[in-house]
Amino acid sequence: MTAVRCVDICKTYRQGDQDIKALDHLSIDIEKGDFVCLMSPSGGGKTTLLNAIGGLDIPDSGEVWVAEQRIDQMSKGQLADLRLANVGFVFQAYNLIPVLTAQENVEFVMQVQGVPAKERRSKSLAILEEVGLRDLEDRRPAEMSGGQQQRVAVARAIVSRPELVLADEPTANLDSRTSDELMELFTELNKNHSTTFVIATHDQRVQRYAKRLVRMRDGRIVDDIEQDAA
Amino acid sequence: MRMLPVLIRLAWRYLWRNHRRTIVMLSAISIGAWAMIFMTALTRGMVDQMITDGISVLPGHVQLHNPEYLDDPSITNRVSLTEAELETRYADAGFEAWASRVRVPAVITSERESRGVTLLGIDPIAERDFSFVDYDKVDGRFLESPDDSGVVIGAKLADTLDTEVGKRIVLMSQDPDNEIADRGFRVVGLFHANMETYEDTYAFIGKKTAQKMLRIGDTTTEVVFFGNDYRNVEPTYEKVAAAVDDSMRVSRWTEVDTYLGTMLSVMDGFMLIWVVVIFLALSFGLVNTLVMAVFERVREIGLMLALGMKPASILGQIIIESMMLLAVGLLIGDALAWLTVKPLESGIDISVVAKGMEMFGASSVLYPKLHMDDVILSNVVVLILGFLASLSPAWRASRYEPVEAITKV
């Protein structure tokens with residue numbers, strides 16, 4: 001079953017007088033339960049592709065399908081609903097809401113989804129336990145280290161068990177030990193819950209965990225290989 | 001609705017994220033709200049006093065006259081009902097107070113001077129509770145009965161006439177046949193009023209004495225009625241009108257004293273304008289605060305949109321933040337206003353400027369009045385205008401593209 005399908009998508013940004021092709025007639029199918037690593041040099045188009053799959057950015061042409069729905073023609077509200085129900089995001093710069101505690105950050109998506117308070121609380125505490133932050137639930141982001149913040153962001157992305165997790169450089173600001181722990185957590189979720197992961201990264205260590213490596217350059221896929229994950 | 005708790009929590013936390021800015025803005029709103037309510041209380045007190053004084057001088061809440069009397073207040077235009085007939089119709093009608101009077105223009109003459117005055121023939125017992133004259137503070141004594149043979153004049157008029165208690169004066173007017181009707185009176189009392197104009201204008205004699213002097217039997221020129229609220233005289237008006245036919249004219253006080261009536265409506269409009277003007281000054285600070293609050297969290301707004309929050313919820317969050325700021329500011333401002341107005345309700349002496357104020361019919365002691373209606377009006381106007389002022393920054397925040405907002409440094 002296809003979790004993500006991109007058909008001949010193009011995206012061009014204008015920078016000064018120059019047009020930059022971030023995605024150039026790119027097509028890709030990602031099956032449900034896949035663990036895909038997008039790799040490219042900076043400006044290769046991996047973040048643009050992630051954003052297009054997550055409905056954060058609309059391609060200039062082509063089709064994007066997520067969870068069997070064509071999303072490139074959806075309204076902002078429909079895209080918000082799709083992200084809320086189907087997609088978990090992990091961003092490079094943690095991106096937590098600074099005025100909420102760790103637990104409230106984790107609960108945030110569930111709260112927007114309308115999950116009852118009791119269920120929210122038990123799920124958020126369980127996931128914080130899983131990412132090793134059970135004792136830091138009442139801390140605000142400014143009171144946590146970078147690694148701890150990223151783990152909270154991961155907990156938030158996966159707590160409502162989305163079918164698809166999109167992670168943009170999730171280990172960029174983490175030390176190697178924390179990076180490994182995070183990737184092992186992703187792998188476990190992928191195995192146990194068939195969550196589809198699409199990770200954009202430069203990090204060579206992350207590649208070891210992927211089942212599929214997609215290399216990009218200048219907005220095109222130049223290499224797409226299956227591999228045995230670590 | 002399910003988003004409301006999370007929006008309220010976010011709005012409240014963001015409000016206190018930059019607590020210094022919030023405190024500065026809260027202070028501005030509180031002081032603005034205080035100024036609105038305090039000034040309104042002063043103005044309301046002044047207007048109430050002017051109207052209450054004005055009503056107590058003559059009009060009452062509702063008056064009954066001969067249809068010609070208001071245009072030509074002469075003794076020929078009397079109320080066609082006798083006192084006994086008035087008593088039958090109105091004694092048990094349930095008014096707060098009512099009384100019939102003889103009121104005619106007259107000339108008062110002492111051994112030195114003459115002046116034109118308004119002669120009031122009254123029943124001093126019936127008018128005691130609503131008269132502008134405090135009977136107990138009269139130099140000498142006030143009238144004691146409708147057939148009292150003395151005259152009570154204002155202290156200012158006594159100065160002008162160069163007369164005093166115990167001396168005699170002559171009052172002269174016309175009878176219904178246009179013949180001179182005059183009589184000598186001994187001055188039994190000098191009254192004091194909030195305004196010198198009153199002291200200069202009115203001369204009180206007993207109603208029966210006036211009827212005898214003017215040769216009008218037991219008829220009168222006007223009947224005054226009091227309800228319990230000068231702002232709502234309709235129940236009183238309807239009761240009075242129901243008991244007479246078209247040969248009588250029933251008038252509300254706003255029709256009898258159009259100056260006072262106009263003053264009341266002008267002041268009501270002025271208060272609304274005053275509230276709006278203060279808010280306009282505040283709104284610059286409010287909008288600036290909201291714009292800054294949005295600007296410094298563009299990334300977080302982008303993040304919330306990326307996580308699935310709808311633009312409408314972002315809009316709601318900013319508006320709730322603005323409403324919270326205004327509500328807390330108004331609450332503090334209301335409390336401050338209450339704390340400052342209450343101790344002043346016993347009166348502020350403005351005698352330094354009272355001469356000027358008298359021109360507008362205001363007295364030398366101002367009694368601020370905190371009306372709940374005025375507090376509600378200023379609060380509601382501020383909240384509605386605040387809502388409108390916050391729409392623009394809130395709308396801008398909700399229109400961010402998540403992918404652009406999230407990468408903002």
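1. β9(A) and β10(A) form a hairpin with two residues between them, and Asp218(A) in the turn has a positive phi of about 50°. Strands here are DSSP E runs of at least two residues, numbered from the N terminus. The model is predicted: local features need pLDDT of at least 70, side-chain atom pairs count only at pLDDT 80 or more, and totals for chains, interfaces and linings use all residues. Residues are numbered from 1 along each chain as its sequence is written, while chains are lettered from A and ligands numbered from 1 in the order in which they are written.

2. The pairing of β9(A) with β10(A) (residues 220–226) is antiparallel and runs over six bridges; two strands count as paired if DSSP finds at least two bridges between them. Arg217(A) faces Arg220(A) of β10(A). Asp218(A) is not a glycine, and it is partly exposed, with 15 other C-beta atoms within 10 Å. By definition, 20 or more such atoms make a residue buried, 12 or fewer exposed, and numbers in between partly exposed, with C-beta atoms placed from the backbone.

3. β9(A) (residues 212–217) also runs parallel to β3(A) (residues 35–39), joined by four bridges. Within β9(A), Leu213(A) is the bridge partner of Cys37(A).

4. A separate point concerns the open antiparallel sheet of four strands, ordered β2-β1-β4-β5 in chain A. β2 (18–31) and β5 (69–70) of chain A are at its edges with a single partner strand each, so one side of each lacks a neighbour in the sheet.

5. Two bridges join β4(A) (residues 61–66) to β5(A), and Trp65(A) stands opposite Arg70(A). In the loop between these strands lies Glu68(A), a non-glycine residue with a positive phi of about 65°. Glu68(A) is exposed, with 9 other C-beta atoms within 10 Å.
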